[in-house]
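Here is a short report for a reader new to this structure. Take a look at the chain before reading on.

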Amino acid sequence: MKTCREIEEFGRHQELSGSRKLAKYEKDYFPRILDGSATEVDLTSALENLSKMLTEHYGKTPVIIIDEYDTPIQEGYAKDFYDEIIGFMRNFFSALLMIIRIFPLVFLLVFYVLSRRVFSVE
C-alpha cells in the first residue's frame, strides 16, 4: 500500500536523508516510503515520523495542513476496499491524535463523509 501524496511529500524533503541531526534509522525510513516498500505500519506513522524529523532537522515545529482527508474513504467505498481503508484511517488518525499536542494541525474538510465507524472500536 502506497500513495502518491506520501511519496511526493517525502520526496520534497529529501534533504532530511542527509541530515546530521537525524539518527540512521530515521534516514533509513525514507527509501521505504519513496520506493513503495513501506509497510502499513510505516505508512500509518509516516506523517508523525516526517513531522518529528522536520522538527529535529530545522529546530522548528511544522504546521500540518491536511486537505481532503476523506477522499481515501470515498475511494475505498467506491472501489470495494472500504473495510481496509477504514482500518488504515483509524490507525492513521489515532497516530495524529498522539502528535496533535506537539504540532499545529489544520484539517480542511472538502467533503464530509466520515462514518462514525472510523473512530469506533468494533
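Helices are DSSP runs of H or I at least four residues long, and they are numbered from the N terminus. By that numbering, N91 has its place in helix α6. The model is a predicted one.

## The chain as a whole

The protein chain holds 6 helices and 2 strands. Along the sequence they follow the pattern α-α-α-α-β-α-α-β. The chain has 122 residues, and 36% of them count as buried.

The accessible surface of the protein chain comes to about 7900 Å². Carbon and sulfur atoms account for 57% of that surface. Contacts also reach along the sequence. Among contacts with a separation of 6 or more, 65% are between residues 24 or more positions apart.

## The nonpolar core

In soluble globular proteins, nonpolar side chains tend to be buried together. Here the largest nonpolar core has 25 residues. Inside this core, F10, L16, I33 and M53 have the most contacts. Helices α2, α4 (46-58) and α6 (82-99), along with strand β1 (64-67), each supply at least two of the core residues. Helix α6 gives the most, with 8 residues.

What does L16 touch, once residues up to four places away in sequence are set aside? The list is L22, K27, F30, L50, M53, L54 and H57.

Helix α2 covers residues 24-34. Its buried residues are E26, Y29, F30 and I33. These four cover an arc of only 110° around the axis, which puts them on the same side of α2. A general rule applies to such patterns: an α-helix has 3.6 residues a turn, so residues three or four places apart point the same way.

On the other side of α2, K24 and Y25 are exposed. After the helix comes G36, whose phi is positive, near 80°.

## Helix α4

Helix α4 has 13 residues. From its first C-alpha to its last, α4 reaches 18 Å, close to the 18 Å expected at 1.5 Å a residue. Which residues of α4 are buried? They are A46, L47, E48, L50, S51, M53, L54 and H57. Helix α4 is followed by G59, and the phi of G59 is positive, near 75°.

## Aromatic pairs

A pair of aromatic rings is described by the distance of the centres and the angle of the planes. The structure holds 3 aromatic pairs. In one of them, the rings of F10 and Y29 have their centres 5.8 Å apart and their planes at 50°, so this pair is tilted. The pair links distant parts of the chain: F10 lies in helix α1 (residues 4-12), Y29 lies in helix α2, and they are 19 residues apart. F10 counts as buried because its relative accessibility is 3%. Y29 also counts as buried, at 6% relative accessibility.

Another pair joins Y77 and Y82. Their ring centres are 5.9 Å apart and their planes stand at 85°, so the pair is edge-to-face. Is Y77 buried or exposed? At 65% relative accessibility, Y77 counts as exposed. Y82 is buried, with a relative accessible area of 19%; the cut-off for buried is under 20%. Ring pairs also link F10, Y29 and F30 into a cluster.

## A loop residue: D80

Where is D80 found? D80 is in the loop between α5 (71-78) and α6. The phi of D80 is near 65°, a positive value in a residue other than glycine. D80 is exposed, with a relative accessible area of 72%.

## Back to N91

Which residues is N91 in contact with, leaving aside its neighbours within four places in sequence? The contacts are with E40 and T44. N91 and V41 are 50 residues apart along the chain. The C-alpha atoms of N91 and V41 are separated by 8.8 Å.

Note on methods
Residues numbered from 1 in each chain as written. Predicted model: local features only at pLDDT ≥ 70, side-chain atom pairs only at ≥ 80, totals over all residues. Heavy atoms only, no water. Buried < 20%, exposed > 50% of the residue type's maximum accessible area, 1.4 Å probe, protein only. Arc of directions from axis to C-beta. Phe/Tyr/Trp six-rings, centres within 6.5 Å; stacked < 30°, edge-to-face > 60°. Contact = heavy atoms within 4.5 Å. Areas by Shrake-Rupley, 256 points an atom, 1.4 Å probe, with all protein chains shown as cover. Core = buried A, V, L, I, M, F, W, Y, C linked by side-chain atoms within 4.5 Å. Expected span 1.5 Å × (residues − 1).
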